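Study the sequence and the structure shown below, and then work through the exercises in order. Each task is followed by its solution.

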Amino acid sequence: MGVSYWIDDAVPGNKMLIGGTHGHQATTEAGKETESAMSSFDINTAKDLQVPVYGVDAMYRGKGKPSDINRANPDSTTSSNVGKTSGTGKHARTTTFNIAIDALRIWGNSGTPKFE
């Protein structure tokens with residue numbers, strides 16, 4: 001439920017939250033595996049804030065390789081593999097997924113957030 005702003009921690013009156021993004025790292029717990037899915041916490045956050053929440057699957061591929069992006073939607077559904085990260089160096093992709101544009105399209109059609 002927190003927000004981090006790029007420039008500083010002041011909450012500017014002319015900015016709004018249109019989505020959230022986080023990485024799904026590989027677990028370090030023996031016998032466990034990180035799932036390629038959005039958690040119930042992600043789904044509830046998307047529903048309550050009425051913004052999409054994106055999870056980047058950073059657990060399967062090596063550094064610099066494109067990773068799958070999944071999404072929890074404001075209507076409590078999830079969407080798998082909505083895009084990929086761009087990757088770097090020899091793994092760089094020529095086509096990229098723009099999370100900001102995707103989030104704006106969804107935010108523009110979502111409902112009123114619950115701030116309780």
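**Conventions.** This is a predicted model, in which local features need pLDDT of at least 70, side-chain atom pairs count only at pLDDT 80 or more, and totals for chains, interfaces and linings use all residues. Residues are numbered from 1 along each chain as its sequence is written, and side-chain values use heavy atoms, with hydrogens and water left out.

**Exercise 1.** State how many helices and strands the protein chain has, and give their pattern.

*Solution.* Helices (H or I, at least four residues) and strands (E, at least two) are DSSP runs, numbered from the N terminus. The protein chain has 2 helices and 4 strands. Along the sequence, their pattern is β-α-β-β-β-α.

**Exercise 2.** Determine which elements have the lowest and the highest mean pLDDT.

*Solution.* The pLDDT is the predictor's confidence in each residue, from 0 to 100. For the protein chain the mean is 80, and 80% of the residues reach 70 or more. Among the elements, β1 has the lowest mean, 83. The highest, 93, belongs to strand β3 (residues 68–72).

**Exercise 3.** Decide whether M38 is buried or exposed, and identify its contacts.

*Solution.* First, locate M38: the loop between β1 and α1 holds this residue. Next, apply the cut-offs: buried means under 20% relative accessible area, exposed over 50%, and partly exposed in between (1.4 Å probe, protein chains only). M38 has a relative accessible area of 10% and is therefore buried. Contact means heavy atoms within 4.5 Å. Finally, the C-alpha atoms of M38 and Y54 lie 8.1 Å apart, although 16 residues separate the two along the chain.

**Exercise 4.** Classify Q50 as buried or exposed, and find which backbone oxygen its side chain reaches.

*Solution.* Q50 belongs to the loop between α1 (40–49) and β2 (53–57). Its relative accessibility is 12%, so Q50 counts as buried. The side chain of Q50 reaches the backbone oxygen of P74 at 3.1 Å. Leaving aside neighbours within four places in sequence, the contacts of Q50 include P74, W107 and S110.

**Exercise 5.** Name the residues that make the nonpolar surface patch, and classify M16.

*Solution.* M16, I101, L104 and W107 make this patch of about 370 Å². M16 is found in the segment before β1 (20–24). Because its relative accessibility is 54%, M16 counts as exposed.

Definitions and conventions. Patches are made of residues with over 30% relative accessible area and no salt bridge: like charges are joined within 9 Å, nonpolar side chains (Val, Leu, Ile, Met, Phe, Trp, Tyr) within 5 Å. Accessible areas come from the Shrake-Rupley method with a 1.4 Å probe; for residues, only the protein chains shown count as cover. A salt bridge is a side-chain nitrogen of Lys or Arg within 4 Å of a carboxyl oxygen of Asp or Glu. A polar contact is a pair of N or O atoms within 3.5 Å; within protein, one must be able to donate a hydrogen and the other to accept it, and residues adjacent in sequence count only if both atoms are side-chain atoms.
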